[in-house]
Every structure is written in structure tokens, then in C-alpha cells.
There are 2 protein chains.
Amino acid sequence: MARTQGSHSDITGPRIREAALGLFARHGYAAVSMRQIAGEVGVQAGALYNYTPDKQSLLFRLMQDHMQELLAAYEELEPQADALGALRQFVGFHIRFHMQRPDEVFIAYMELRNLTPENFAEIEKLRRRYEDALQSILLAGQKDGLFSVQDAKIATLAVIAMLNGVMTWYRAGGRLSLDEVEQIYWDMVRKAVAA
Amino acid sequence: MARTQGSHSDITGPRIREAALGLFARHGYAAVSMRQIAGEVGVQAGALYNYTPDKQSLLFRLMQDHMQELLAAYEELEPQADALGALRQFVGFHIRFHMQRPDEVFIAYMELRNLTPENFAEIEKLRRRYEDALQSILLAGQKDGLFSVQDAKIATLAVIAMLNGVMTWYRAGGRLSLDEVEQIYWDMVRKAVAA
DNA sequence: GTCTATAAGGGGATAGAC
DNA sequence: GTCTATCCCCTTATAGAC
């Protein structure tokens, strides 16, 4: 794996982000050194600085890209006729999108405290936008008499917390298929906010 | 703050654990140095090793004590007549117990990956015992026709994940009292597992 | 664009004086 | 029980050769 010389600007950048993603997710940002990342990529540590100004930017960019992809993917979903359909769509989307990106998800909520204050604020803004999408669904359903939640903000956070729990235990090839998981969680979410 | 000489074996030990607890929770285990901990306590780094064989044991002991206190406190609750009462009691207990120990809770689920494999297994065993308590309630209620969950194990994890979400946003003195929070979450949990 | 070499500093943990 | 001093290794980031 250990390379010697040569120019690979087009592929080294993505490989650095890939390596950083996996290592940060496995060991934590603070516990991973630039040498480790370089080692995985097959370059020397100094070469990393052709692609990132510093370690912090590497983390921030991973988190920012993840949140922007999440929002973009969500905004491309088909509009739903009613709040019940929209909620079901949200549950399915959330589970499936996050299940495909376990490392990004893990980093996005474990490494918030390792962001500089400015970077933290930026990520929080994106996270808030996603939460607001769910809150809008709950409020619309409440208005139409489909849902009954005492506090839309708390219900939003409760639903997302519940769904995020999937990532801590689900493993592909386990006892349950993704369809079954989605169905089980949808059943609980639906009942939890039901009128 | 900076002390010079003297013997304080009876108070230094607890102060070290206290300092480590706060620092680990705020900055993360990997990002905190033994020198920082010593600085907060007011001793030199070398003195810490009279109380802990190494940094890892400091983390493990904090997590182990927390889990053992959680289990002991839960086991002292009054027995309930039916599963509905037991579930309500669990929800109230979980929220209130964890709300009083935000740092311990944060560490207990953020720093699992920084434990050695042996220590990790030990903490997991304790966590499993706590989850089993909730799962027993759900299974009993299912049998009595009070609850309807498709999968008791998943429902257990879903409920705990939802409740743990409280710790990420609740601040004393905020918009809602602890009673209100407990009531709102109880309402959602009750409905989510209802028959 | 990558390398080697290095600056400047912090890390965990230990030894021996007091 | 705590201190000072130290070992030895690792850290992020930069400089300059190729």
C-alpha cells in the first residue's frame, strides 16, 4: 500500500475524506491522528495538507456534506396529500437514508463538541432545518385532527431520537429486514402521535 | 488553587473522579489529558497515579459506578400492580434519574468506544440488565392485553432512545417543568405501545 | 503533489526526593 | 501522598527538495 512518489490530485482528496470518515467514526476525532489518516491513504502526513488546511476542516466538511445531502435528498421526495402520508414518508426516508450512511450519522452526532464554535453553529443550522421539516408535518396533522401531540417541538425531537436508535443496533443480515424495521417503527411513531 | 505539599488521601480521590467526570463530559475522554485533570484538582499529574492505575481505569470506574447506581436505584422502586403502572414508573424514573446526572449519562453512551474490550463487555452487561427490566414490563403488558408491540426488543430500545433524547435538550429553568416533560413523554410512550 | 525532515509542543506514565 | 524531573513517544503543522 505504501506509495513512494507521484501525483494523484484527483483521487487522493476523496480517499482522504473516506479514510477520515471511517477512522473518526471508529475511534473518534480526538483519538485519530493525521498520520493514521495518511497511513490509510498511503501517503505521508504532510501530503494531507495539500487537501485540507487542517484537521478541523476535515471534520467540518464531512459533517457539512452529510447534512447537505440529507436535506437535498429529503427535499426531492414527492409531496404527500396529507400529514399522515408525509409522516410515513419521513419515517421511511429517515431510516433508509441514515442506514446507508452509518459512519456519517455516527460522526454527525458524536463529534459536535469537537467543532469550533463557528463550525458548530453552521451544522446546527442545517440540523434545525431538518427538524423543522418534521415539526411542520406534526403541526399540519394536528391542525387537521389527524395527530394529537401536547408539544410539537418535543414530539419532533422524540420521534427523531427514537428513529436514530435504529442505527445503534441494526445490522444488515440480522433477524429483521429493513422493510420489517421500517414497518415496526412506523407503527410506533404513528401511534405515539395519533389523535 | 495550586497547592504545594501535604496529604489528603480521603478527599483527593473523589475530587479526581469529579474533575475527570466534568472534563470527559465536556471535551471527551480522548481530548482530556491527565495534566488537565490534575490541574482542576490542584495537584501535579504524577499524584493522580496514587488513585488510579491509569487513565482507562478512571473512565471505566466512572461508567461502572453510574450503571450500578442506576440499577440499584431502579431495583428499590415499589413493585407495581400491573404493567401499565410499571411502565409509567419506568418512564418517570428514567427521566428523573438521568436528568440528575447529565455528565454521567453523556459519558456512559459517548465513551463506550474508548473502553478496552474487557471493560466494554462489563458495562454492556450492566446496560443489558437495565434494558431487560423494561423489556419484561412490555412482555408482561403484552400478555395481559394492555400493550401491543410487534417486537418487544425493538420497542424496548425505541422507548429508551426516545427518553434519552430528553437529555439533549432539557435545561432546568426552561420553558417546561420536569413534571410537564415527564407527562408529555409518558403520553407518547403510553400511546406508542398501546393495544 | 508528494516526499523527508523538522519545529514546537503535549501525551501517559514512572522514579526518587521529601 | 505529593512533588519535581524525566523518559519516550506521539501530536499538528510547516519548509524545502524533488
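Helices here are DSSP runs of H or I, at least four residues long, numbered from the N terminus. The model shown in every view is predicted.

**View 1. Arg127(A) and Glu131(A) pair within helix α6 of chain A.**
The two side chains meet in a salt bridge, with N to O at 2.1 Å. Both residues belong to α6, which spans residues 117–143 of chain A. They lie about one helical turn from each other because they are 4 residues apart in that helix. Over all chains, the structure holds 26 salt bridges.

**View 2. Chain B and chain A are related by a rotation of 180°.**
The rotation comes with 0.0 Å of shift along its axis. It superposes chain B on chain A with an RMSD of 0.0 Å. A 180° rotation with 0.0 Å of shift is therefore the relation of a two-fold axis. The same surface serves both copies. Of the contact residues of chain B, 100% recur in chain A.

**View 3. Chain B and chain A meet through 36 residues from each chain.**
About 2800 Å² is buried between the two chains. Carbon and sulfur atoms give 60% of that area. How many salt bridges cross the interface of chain B and chain A? The rule finds 4.

**View 4. Glu111(A) and Arg113(B) join the two chains in a salt bridge.**
Their side chains meet at 2.9 Å, N to O. Between chain B and chain A, 16 residue pairs are in polar contact, counting pairs with both residues at pLDDT 80 or more. Four helices of chain B each supply at least two residues to the side that touches chain A: α1 (9–27), α5 (102–110), α7 (152–164) and α9 (178–193). Which helix provides the largest share? That is α9(B), with 8 residues. By class, this side of chain B has 21 nonpolar, 7 polar and 8 charged residues.

**View 5. Chain A is assigned two domains.**
Domain 1 covers residues 1–52, and domain 2 covers residues 53–193. Their centres, taken over C-alpha atoms, are 29 Å apart. Contact between the domains of chain A involves 16 residues of domain 1 and 15 residues of domain 2. The two domains bury about 1500 Å² between them. Of this area, 69% is on carbon and sulfur atoms. Which residues of domain 1 of chain A lose the most area to domain 2? They are Leu21(A), Tyr29(A) and Thr52(A). Together, these three account for 46% of what the domain 1 side buries.

**View 6. Polar contacts and helices at the domain boundary of chain A.**
Across the interface of domain 1 and domain 2 of chain A, the rule finds 0 salt bridges. Polar contact does link the two domains of chain A, in 5 residue pairs with both members at pLDDT 80 or more. On the side of domain 1 that touches domain 2, α1 (9–27) and α2 (34–41) of chain A each supply at least two residues. Helix α1(A) gives the most, with 7 residues. This side of domain 1 of chain A divides into 12 nonpolar, 3 polar and 1 charged.

Methods:
Residues numbered from 1 in each chain as written. Chains lettered and ligands numbered in written order. Predicted model: local features only at pLDDT ≥ 70, side-chain atom pairs only at ≥ 80, totals over all residues. Heavy atoms only, no water. Contact = heavy atoms within 4.5 Å. Buried area = accessible area lost by both parts, 1.4 Å probe. Polar contact = N/O pair within 3.5 Å; in protein donor to acceptor, adjacent residues only side chain to side chain. Nonpolar A, V, L, I, M, F, W, Y, C, P; charged D, E, K, R; others polar. Domains from an automatic or database assignment. Least-squares fit on C-alpha atoms with pLDDT ≥ 70 in both.
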